[in-house]
Structures are given as C-alpha cells and as structure tokens.
Amino acid sequence: MDASASPAAAAPDPAPVPGPGLHTPPAPASRLRRLAAPVGVMAAVVGAFGFVAAVDPNEPGHYPVCPMLRFTGVFCPGCGGLRSAHAFAHGDLAAALGANALAVVGYAVFAVVWLLWMFRAGRGRNLRIGLAPGYWWGIGALLLAFSVVRNLPFGSALAP
C-alpha cells in the first residue's frame, strides 16, 4: 500500500503552537495612538510658550541671565530667545524678529517639521530626519556666524 494514499497523509498539519521562536505580528496602532506623540510635543510647546507669554522676560528677576552674556559680555545665538518667544506669543512679529531673528526662523522650522510629523503619523508612517554630517556642520556654521555678526557693530540690528 502506498503511504501517500492513506487518509492521514492527506490531512493538513495542525497549526504550529506559538512558542519562543514563533510570534504573531503586533496589531497596527490606532490613529489616536499614532498621533499621541506629536500632539503631546505640541502641548508641551504650547505650555512653554504660554508660560513665557504670561511671565514677561523683559522684567528682571523672572528668568536667569545668560551665562555667556554675564561672564563675557558676548551675545550667544540664544540671547533674546525668551523675549522673542514672549513677543511671538503676543503676536508682535517685529519685536520677535528684533529680539532674536534666528529663534523666529526656528519657530517656523519647528512648525513645518511638526506638520510633516502629524501627516506621517496619521498615515501610520514614522518621521525620520537623517541629516548628513555636512548639514550639521552647516547648521553649526550658521549659528557661529549669527553669533559673530550680532556682536559686531555692523550687525547690531541682530543684537537683542
């Protein structure tokens, strides 16, 4: 008798029992769960801007002084950033640019990246921003140039 003709050979094998080597793939995350991280980050940013809007950095004693400015008298790239955020939160774009123009550019870049993150998260895709080392060097050079220019007489318009 042929073994392949037996009724036992025609029956399919039972499904494997999950064990240490087998696992089922996780279920896709819900849209609400995918959007939780970008929404949480925006909530933190809104909270921080709300605090800076409520507690005026133009009044002394509310925030610490920049250590670089205090010890060297040189404006760092972040000097005026709180005043810029305060003016921006109050809708005064001209004052925000006058306090720290680079910070205002940073707000715009953050908004674009955050929107991209929201769209990608809503579609179930991750946001991965992988910048080549040349871009990081370029960002560092831009910050250094901004710091140098705002401390020179011809760049006094960039000083806070």
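The backbone nitrogen of Leu-102 lies 3.1 Å from a polar atom of the side chain of Asn-100. A polar contact is a pair of N or O atoms within 3.5 Å; within protein, one must be able to donate a hydrogen and the other to accept it, and residues adjacent in sequence count only if both atoms are side-chain atoms. The model is predicted: local features need pLDDT of at least 70 and side-chain atom pairs count only at pLDDT 80 or more, while totals for chains, interfaces and linings use all residues. Residues are numbered from 1 along each chain as its sequence is written, and side-chain values use heavy atoms, with hydrogens and water left out.

**Overall architecture**

- The protein chain contains seven helices and zero strands, where helices (H or I, at least four residues) and strands (E, at least two) are DSSP runs numbered from the N terminus.
- Of the 160 residues in the protein chain, 21% are buried, a term for under 20% relative accessible area (1.4 Å probe, protein chains only).
- Among contacts (heavy atoms within 4.5 Å) in the protein chain between residues at least 6 apart in sequence, 56% join residues at least 24 apart.
- The protein chain exposes about 11500 Å², and carbon and sulfur atoms supply 71% of this area; accessible areas come from the Shrake-Rupley method with a 1.4 Å probe, and for residues only the protein chains shown count as cover.

**Asn-100 and Ser-84**

- Asn-100 is found in the loop between α5 (93–99) and α6, and is buried with a relative accessible area of 2%.
- Not counting residues up to four places away in sequence, Asn-100 touches Pro-77, Gly-78, Cys-79, Gly-80, Gly-81, Ser-84, Phe-146 and Arg-150.
- Ser-84 is placed in helix α4 (residues 81–89) and is buried, with a relative accessible area of 0%.

**Nonpolar surface patch**

- Val-105, Val-109, Val-113, Ile-129, Leu-131, Tyr-135, Trp-136, Ile-139 and Leu-143 make a nonpolar surface patch of about 820 Å².
- Patches are made of residues with over 30% relative accessible area and no salt bridge; nonpolar side chains (Val, Leu, Ile, Met, Phe, Trp, Tyr) are joined within 5 Å, and like charges within 9 Å.
- A salt bridge is a side-chain nitrogen of Lys or Arg within 4 Å of a carboxyl oxygen of Asp or Glu.
- At least two residues of the nonpolar patch come from each of α6 (101–122) and α7 (133–150).
- Helix α7 gives the largest share, four residues, and Trp-136 is in helix α7.

Conventions. Buried means under 20% relative accessible area, exposed over 50%, partly exposed in between (1.4 Å probe, protein chains only).
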